[in-house]
Amino acid sequence: IIILTDNKFSTLYIKAPYSNSNFADIFCKERSLYFLDKSLGQIIQYYLLKPDENYKLGDPELLLERAIVANAIALDENLWLLDKKSILKFKEGQLKEKIEPNVFPDADGFSKIYTASSLPYLFILEPAKKRILIFEKSGKIFKQIFSEKFNSLLDFAVSEDGKTIFILNGLTLYKIQI
């Protein structure tokens, strides 16, 4: 991992927690890095240490008691896992809720989720349906952003205040106010 701080780059090497690690997603929150390992169905947390000017990671910690199937992760005060059609909400390592969104057309192919403690929403990328879905954290749909131009949705980012979404579609970047 490359970290940019005060116009200086630092390289951070990650020690895999086991030999066949298959990290599919990463989320950074406060002083921790969280990785989704698809092969094990596990979330691995690394605490970020910063003695002097050299970044280091603490030992990896497995966060879930059992294997889960997920495509992406996000964290606020809860751990949110995304599979193809639903959202799993975990608190303190325990499944608290499975949200199966009621949207039209039906959900299929969720690929990325984002939230933050300061935001009331879950943002979900669904390339197969050419849209980004915005849900209240209760699972109620707030807004859909759809376009026929979204024929190669790759990624998105949300501003700190949650009012702007930057959408990467192929080589084109869209800025949308919500």
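Author: Strands (E, at least two residues) and helices (H or I, at least four) are DSSP runs, numbered from the N terminus. Asn7 lies in the loop between strand E1 (2-5) and strand E2 (8-11). This is a predicted model: local features need pLDDT of at least 70, side-chain atom pairs count only at pLDDT 80 or more, and totals for chains, interfaces and linings use all residues. Residues are numbered from 1 along each chain as its sequence is written, and side-chain values use heavy atoms, leaving out hydrogens and water.

Reader: Why is Asn7 called exposed?

Author: Exposed means over 50% relative accessible area, buried under 20%, partly exposed in between (1.4 Å probe, protein chains only). Asn7 has 75%, so Asn7 is exposed. Its phi is near 60°, a positive value in a residue other than glycine.

Reader: What makes Glu30 exposed?

Author: The relative accessible area of Glu30 is 70%, so Glu30 counts as exposed. Glu30 sits in the loop between strand E3 (23-29) and strand E4 (32-37). Phi of Glu30 is near 55°, positive in a residue other than glycine.

Reader: How do you know that E16 and E17 pair?

Author: Two strands pair if DSSP finds at least two bridges between them. Five bridges join E16 to strand E17 (residues 164-169), and the two run antiparallel. Val158 has Ile165 in E17 as its bridge partner.

Reader: Why do E16 and E18 stand at the edges?

Author: The open sheet of three strands has the order E16-E17-E18, with antiparallel pairing. Strand E16 (153-158) and strand E18 (172-177) each have a single partner strand, so one side of each is left without a neighbour in the sheet.

Reader: Which peptide bond is cis, with omega near -10°?

Author: The bond from Phe104 to Pro105. Pro105 is in the loop between strand E11 (94-99) and strand E12 (112-114).
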